[in-house]
Amino acid sequence: MDFFSSQAESLSALFAPRAIAVVGASSNAQKIGGIPVDYQRRFGFEGALYPVNPNADRIQDLPAFPSLRAIGQPVDLAILAVPSALVDGALDDAIAAGVKGVVLFSSGFAEVGAEGAAAQARLGDKVRAAGVRLVGPNCLGFMNIARHVYATFSPAPGVGRVMPGRIGLVSQSGAFGAYAYAMARARGVGLSLWATTGNEADVQVADCLAWLAQDPDTDVIMAYMEGCRDGPRLRAALALAQANGKPVVMVKVGRTALGAEAAASHTAALAGDDAVYDAVFRQYGVLRARNLTEFFDLAHSAAVAGRPRDRSIGLFTLSGGVGALMADEASAQGLDARPLSEAAQDTLRRWVPFAAPRNPVDITGQVTNDMTLIDRTARVMLDDQGFASWMGFLAAAGASDAFWPVLRSLVASLREAYPDTLLAVSTLLTPERRAELEAMRCLVFADPSDGIRTIAALAGLKPAAPVAAATPASTKAPLTLAPGTMSEPDALALLAGAGVPVVAHRVVRSADEAAAAAEALGEAVVVKIVSADIPHKSDVGGVALGLRGAAQARAAFERTRDLALTARPEARLDGALVARMLTGGVECIAGVHRDPVFGPVLMFGLGGIHVETLRDVSLRALPITRDDALAMVRELRAFAILNGARGRPPVDLDSIADALCALADFAQRAGDSLDSAEINPLIARPQAEGGCVAVDALVVGRAR
């Protein structure tokens, strides 16, 4: 957080300037250099405004200056609307004039190729050396709606402005940002800051997120991302938003897996780039929107209602069929629609003998005869079970002028009596009436299923809490791995030294040694060829299972060697590994893969056929805590299998968490020298059977 704390002042000068200069200013209010001048004048910017153009004395009725230095007054923000060939000179002028922040509209940089990327890198180096913040290049700029700052040439505000509000919106894409601005205006969503970051030579989406997380005028943050170059910076910004209780709603495009080169490792294939983003978003309570409608619904709802205390919900309906629909959706979303007590149900039956009083509570159309029934029933529900959320389906009654006073009184009454309960209604309302209920912090939905999905999403937000202390650095010595794939015995030995429990085994060089190892290990054993050239041994017949006694082990040694050499004659064989064969338990997989954005990422899931078919895995970008490790295990869809399904004893969850922490610690000590590490399978067993144990391991050192 220190980084963002130190940057907050410079970003405030950028986003909340007291004096603005427009370089390349035009008298034509329809041109790129004229639009920002026109906007500041028309839309009420209260600070100083300086057009800069060496070819004009006055621009849009304002005195013009030949350069930024010629202004002779402090300038917080310089908007550069000049061709790319003039950018360097304009930026040098801004730095010499002591400008604190720059918005660079100009294109022709990284988006056009290597030469443009090099020029953009020079711009970034220049502003960082001077302590100047730069938005762009190739961006639409930003708008601070509350302060009437319009550092943009987007036509969207000219068509109609959004109203000031408490939602900040940041987008890497200018086109997406402009469309989102228009949607906010059309939907009546108020914004605090609107920003587009373009090519991000300096200011990134993460910087904007962090600034909004500390902005007293912002309660909810909306963000659109196409990619990220600095994963730790993004994680730190999301952690700051979470710590300050600012919900983040994110659209992240590019739901693609890593390329074919990742297929050599289950971990890499399963921890594809989008899966890692998904995991990071879940880690920090980010609400990921799938489309623009959901983007605005979630953000607006978070701003109106905030986060419910927990996942419990009371469902009220005037229609049994819709009640069933609501119940199904609540169950699918993991909400707790627990039934009312028998006493409460009896009370409702006395009022309406043919009511369905469990939850959902259906009091039918009887409300037509007694309008007080809705309020009285809602109070019984909330007093009886203390639901964190209450949602009422009122059919089309909201469209009735006669019913409107009843509905308004209902919401006002419930809000006063239950101030910390999330309230929602599903009915048809005019925009004006909807806004009136939302002003009382009551959500309104035309579709009750949309409402329940939204409430479930809000329930997934994490409560505001102090930023977690950094995971302590490892007390063990750093590791430097050799490039390339290790043999299985070397990988097992390395992981065992890191604290991962591994199966009892011996490395042998001959058939006689294999026979002796089988006798020493006792019971059933496995024989596997040892070759760094063959990471997947079973594919070439290099594995023999369920061997008992010396004779079977001796024969298996020779057979697996011959099969491997037939399939891969060029491979180097370094003997065989004889290991005790484990029976029972649950096959799991654990691994670490180096993500290009977030660095090392830990993966855990069910192994065997499940890893290929179900792809039921959980991910965490490192570092992690032990609580993170336990959460990874518990969030699997198939957690019930580990927790003792169908009368089986539960596996030792603590031993899994310990193994995951040991693997994570190993990965961090190996640092950049590690490409990937994988344990497959990691056999999870009950505590009485010794807990989890690694049976096979694959470690790949990173090429340097």
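In α20, the buried residues are A550, A553, A556, F557, T560 and A564, where buried means under 20% relative accessible area, exposed over 50% and partly exposed in between (1.4 Å probe, protein chains only). Looking down the axis of α20, these buried residues fall within an arc of 120°, so they line one face of the helix; the arc is taken from the directions from the helix axis to the C-beta atoms. A551 and T566 sit on the other side of α20 and are exposed.

What do the buried residues of α20 pack against? Here are their partners, with contact meaning heavy atoms within 4.5 Å:

| Element | Residues |
|---|---|
| β21 | 505-508 |
| α19 | 511-521 |
| β22 | 524-529 |
| β23 | 543-548 |
| β24 | 576-580 |

Helices (H or I, at least four residues) and strands (E, at least two) are DSSP runs, numbered from the N terminus.

Now the whole protein chain: it has 24 helices and 30 strands, and 55% of its 704 residues count as buried. Its C-alpha trace spans about 100 × 80 × 40 Å along the principal axes. Take the contacts between residues at least 6 apart in sequence, and 71% join residues at least 24 apart.

A word on the ground rules: residues are numbered from 1 along each chain as its sequence is written, and side-chain values use heavy atoms, leaving out hydrogens and water. As this is a predicted model, local features need pLDDT of at least 70 and side-chain atom pairs count only at pLDDT 80 or more, while totals for chains, interfaces and linings use all residues.
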